[in-house]
Amino acid sequence: MKNIRISTQGTPHDYRASLLPLVIQHLGYHIDWVQPAKADLRILGPFLETKKKYSWCPKPLRPIVSAIDDSISSGNTQSSAVTLFHTQENVRHDFIKADFSISFDLGVDSKNHLRFPYWMEMIDWSYEGLTGNLNPRYGELLSLEKLKSPLGNHFLGRGGSGILLSSHLREPRASIYKALNKIVSVKGVGAHFDESIKNHHSSGFLKRDLLNQFTFNICPENGLYPGYYTEKIPEAFYSGCLPITWTDENVMADFNSAAFINLLPFFNSDFEDLKEILTNSQALAQFQSEALILNTPSLESLKVFLLEILQASSS
């Protein structure tokens, strides 16, 4: 077992219990979590405050002030650490300058970047020998065997209503919610609909316990970008719902686009064409024979990429 000193900055509060540190340990490394000044590897997240830190200072002087600040705070030792930018949010792979990056982004031509979408962190990887990752909001890890199997007809017998789990109704969610409510009954659940819920982690419910009661799960992504596909679609499908999402058309890179409804092209008709699908039993029946995942994903590329970073950090 090798030792590696790692720091985190700008990452989610539960990052150290997430998949990537687990894979590092699986590769034979013991992680010592340290402050940035003592780290061999600094993992930088999308919440790292960098843009406006020196807004008070004239632009030509900001690099000098930044360098002095780094020198004071780290004792000139941070510069020797390898840096990895890892985002689980819809920001680009070069959002924060780093030696390596892991993001959602498709089409990045760089040997120092790896595409590893967040939904893959919710998969049960025990068949590859890795255990211990969690999916606390949903309530269980997702089996690839089930995601590679047809949706089935259970959703057809759930009454024809939908559910939207959301903490906000910023556009286009507001328009989607209103439009679909005119076609089918949609139940809103989450902080936007219940002021007693402060955030996702204190909601008091598991997503799986709600989703398995509904025909449709309205699960739009937070934004459009090639490669940005989260856990929303697979969790809906896993619950036996027909996923109704709003996402980039390149989603077929990860999922079978015949296994769900993408709302992106329906805006042009004010959702009139969607009504013909959601209220037609024959149109809905076509989804029951579709699997969500057609190709088996693997952790192998992540392992190879991380091993390169770890070796660079200890050299």
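## A tour of salt bridges and a cavity

Start by selecting Arg-5 and Asp-40: these two residues form a salt bridge, and their closest N and O atoms lie 2.8 Å apart. Arg-5 belongs to strand S1 (residues 2–9), while Asp-40 sits in the loop between strand S2 (29–33) and strand S3 (41–44), so the pair ties together parts that are 35 residues apart in sequence. Arg-5 is partly exposed, at 39% relative accessible area, whereas Asp-40 has 17% relative accessibility and counts as buried. Keep in mind as you look around that this is a predicted model.

How many salt bridges does the structure hold? There are eight. The idea behind them is simple: side chains of opposite charge can pair when their charged atoms come close.

Next, select Asp-254 and Arg-115. Here is another salt bridge, with 2.9 Å between the closest N and O atoms. You will find Arg-115 in strand S6 (residues 113–115) and Asp-254 in the loop between strand S10 (242–245) and strand S11 (261–262), so this pair ties together parts that are 139 residues apart in sequence. Is Asp-254 buried or exposed? Asp-254 is buried, with a relative accessible area of 13%.

Move on to Glu-128 and Lys-303, whose side chains meet in a salt bridge at 4.0 Å, N to O. Glu-128 lies in the loop between S6 and helix H3 (144–147), and Lys-303 is part of helix H9 (residues 300–313), so parts that are 175 residues apart in sequence are tied together by the pair. Lys-303 counts as buried, at 12% relative accessibility.

Now for some empty space. Rolling a probe the size of a water molecule over the atoms shows where such space is left. In this model the count comes to two cavities of 30 Å³ or more. The second largest cavity is our last stop, with a volume of about 40 Å³.

Which residues line the second largest cavity? Select these to see its lining:

- Leu-19, Leu-20 and Leu-302 are among the lining residues.
- Ile-102 and Phe-116 also belong to the lining.
- His-86 and Glu-121 are part of the lining as well.

Colour this lining by residue type and you will find five nonpolar residues, one polar and one charged.

Conventions. Residues are numbered from 1 along each chain as its sequence is written. This is a predicted model: local features need pLDDT of at least 70, side-chain atom pairs count only at pLDDT 80 or more; totals for chains, interfaces and linings use all residues. Side-chain values use heavy atoms; hydrogens and water are left out. Helices (H or I, at least four residues) and strands (E, at least two) are DSSP runs, numbered from the N terminus. Buried means under 20% relative accessible area, exposed over 50%, partly exposed in between (1.4 Å probe, protein chains only). On a 1 Å grid over the protein atoms alone, a cavity is a set of points where a 1.4 Å probe fits but cannot get out, and a pocket is an open set with protein on both sides within 12 Å along at least five of seven lines; lining residues have an atom within 4 Å of a point. Grid points are joined across faces, edges and corners, and a volume is the space filled by probe spheres set on the points. Ala, Val, Leu, Ile, Met, Phe, Trp, Tyr, Cys and Pro count as nonpolar, Asp, Glu, Lys and Arg as charged, and the others, Gly among them, as polar.
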